[in-house]
Amino acid sequence: MNSSTQLDFTADPAKLTDPAQLVAVLTRYNDAYRAGTPLVDDLTYDALVERLRGLDPRNDFLSTVEPEALDDGKTQVRHARPMLSTEKAYTREHLRRFVDRVEKAAAEIGVTAVTFRVTPKLDGLAGNDVDGVLASRGNGRIGSDITNAFKKGLVAIGGRNQGLGEIVIQQSYFEANFSDIFEHPRNMAVGIIKADNVNAQSQKALDDKKVHFVPYTQLPSWTGSGDSLVNDIGEITEELRGQVDYALDGMVAQATDAAVQAHMGATSHHYRWQIAIKERGETARTTIKDIIWQTGRTGNVTPVLLIDTVRLSGANINRVTAHHAGMVRDKKLGVGAEIEIIRSGEVIPKLETVHKTADVVALPDTCPSCGEPLEWQNDFLNCGNRTDCPAQVVSGIRHWFKTLGTADWYGEKTITRLVAGGINSLQKVYAMTKEDVIKLDFGEGQTKNLIDALTISRQQPVEDARFLAAFGIKDLGVGDSRKLLRNFKLESLGELTAEQLEAVKGFGKVTSVSITKGLQRRWKTIQHMLDLGFNLEHTPLESERKAVDSPIAGKRVMFTGKMLQGTRDDMKTQAMALGATVASSISKKLNILVAGERASSGKLTKARNAGVTVMTEAEYLKLLSGEA
């Protein structure tokens, strides 16, 4: 790069007028995105591409596929058919132009009725699984052999050798387990594929069978005319979005007629008969006024950006989470930094672009809650003071009541006051008297509510898996607790070894060590709470489940929508007691989908297409009673 194209990356790329500089910026952004560490959002990247198109429409960058770096030491694979990028449409007018262009091309070869298909656009790592080899996209013509991902634990949805697809992590699983560690499931997926030795979090996701290669042929789809596509794209998008549990990056529309596809062909960048339909989120530019640091339940200290108030999607926004300390460090965030935030289909706004970095970047070296030294864990600063850090204690007690779900009144402010007054453990909370609470300046009415709530929490029936998950043990949420308790009695878990747990399908070596260590560390508290006599509904052991005589014994059942007989958790507990396995997602292995009020039509369609029996709540109850 000559002196005229030297870049200052703190400048605003949107103001660049030199095509060579724009190409350099776009190349840097693309490399970061492909490596799983994006520097800007898709909208910003696409806007810069369009700026380059306006400055230099024949620039080579616009006519080539944005490449992924080939992995050193891995076999290179030439794609039989190029894996190209996709043209993008952000407006209905752009989509109409695409449809008109396709219909005009179809008329040229005598095709009068053009049909379009729309599928969700997964936000993952593209791959091609053919003849036993899974290859990354690479530069579109040549990719890297990443077949060993299946040995790591990657699951091929619908089986192997189904061609083009995407490597993704189940969204609901990611949100429940890793959203406080990774910024986006795609970043985690890239790390899993590229790393020779995956980290503990990634290994857990692989062990839990939540990292998937999803062939495009397995995605739900809508088919219809061009006019319907343009007029109903909002409804189509909403319908398809409800049928997948993966991070999405819009929708993809394409002409279905093979003759039309062949006639239209492709540029060196994209197929002319296909387009990506993307939504523009509402954005605003603002300035950081300060950064406050908060310690969470696991000890991670996260930054919150206090910003000049801006209005997005009808709401006044004055704070944005920066996710982790690594982001503050790498993006040089601090007082005076100018940033752009986006609110797109989300309640919580996200930091998207840094237009001007801060002169001073200040990272804490001690915990803002307890003052103990912090240590780096990946991109997070972490406080290791698990027992005496007030913020961690407050979050842990809050997690207990929130997960248990049987007692009200224990909000964060209430728990914070209790902890500050020395009631800083579950044992002390459940031992406190009316006099103890009044001493902390609670009123008579609130004191009575707090004491009564403790009694109610012990008396109300609660699933033992939820009771176990409420202790906040690392890698042990409600789902894994159910899996654990199907194989071991709750009372025996204090002596459970990592080797015993690893022998259970679904628990890997790393998570088995983590879970058993957590159980041993928390066992005195768990035993104390068991001795208080909680009304636990026990998960049947596998040996017991097989002996249950019921219409759903041995079947996989899923509940969706609002139930009238009880909550969905009540229904799940009952189903497990009757020998069923409760599923959380729709697949061909699912036997029964019970649809309550306001159930997603997308889920119902997906279930029927997979051959699943769909029942109303009333039909399901008749089945259980033997009437059906």
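**Reading a predicted model, feature by feature**

Tutor: Let's start with helix α6 (residues 185-194), which lies across β4 (125-130), β8 and β9 and runs at about 110° to β8. Axes here are lines fitted to C-alpha atoms, for helices over the stretch in contact (heavy atoms within 4.5 Å), and angles run from 0 to 180 degrees between N-to-C directions. Helices (H or I, at least four residues) and strands (E, at least two) are DSSP runs, numbered from the N terminus. This is a predicted model, in which local features need pLDDT of at least 70 and side-chain atom pairs count only at pLDDT 80 or more, while totals for chains, interfaces and linings use all residues. Residues are numbered from 1 along each chain as its sequence is written, and side-chain values use heavy atoms, with hydrogens and water left out.

Student: What is the strand order in the open sheet of five strands?

Tutor: Strands of a sheet pair through backbone hydrogen bonds, either parallel or antiparallel. Here, two strands pair if DSSP finds at least two bridges between them. The order is β5-β4-β8-β9-β7, and the pairing is mixed. β5 (133-136) and β7 (155-156) are the edge strands with a single partner each, so one side of each has no neighbour in the sheet.

Student: How many bridges join β8 and β9?

Tutor: Five, in the antiparallel sense, between residues 163-169 of β8 and 211-215 of β9. Glu-166, for instance, has Val-214 in β9 as its bridge partner.

Student: How many residues are in the largest nonpolar core?

Tutor: In soluble globular proteins, nonpolar side chains tend to be buried together. A nonpolar core is a set of buried Ala, Val, Leu, Ile, Met, Phe, Trp, Tyr and Cys residues joined through side-chain atoms within 4.5 Å. Buried means under 20% relative accessible area, exposed over 50%, partly exposed in between (1.4 Å probe, protein chains only). The largest core has 47 residues, and Trp-400 and Phe-467 are among those with the most contacts inside it. Beyond its neighbours within four places in sequence, Phe-467 is in contact with residues including Trp-400, Met-529 and Phe-534.

Student: Which residues of α13 are buried?

Tutor: Thr-414, Ile-415, Leu-418 and Val-419. They cover an arc (from directions between helix axis and C-beta atoms) of only 130°, so they sit on the same side of α13. These buried residues pack against α12 and α16, while the face turned away carries the exposed Glu-412, Lys-413 and Ala-420.
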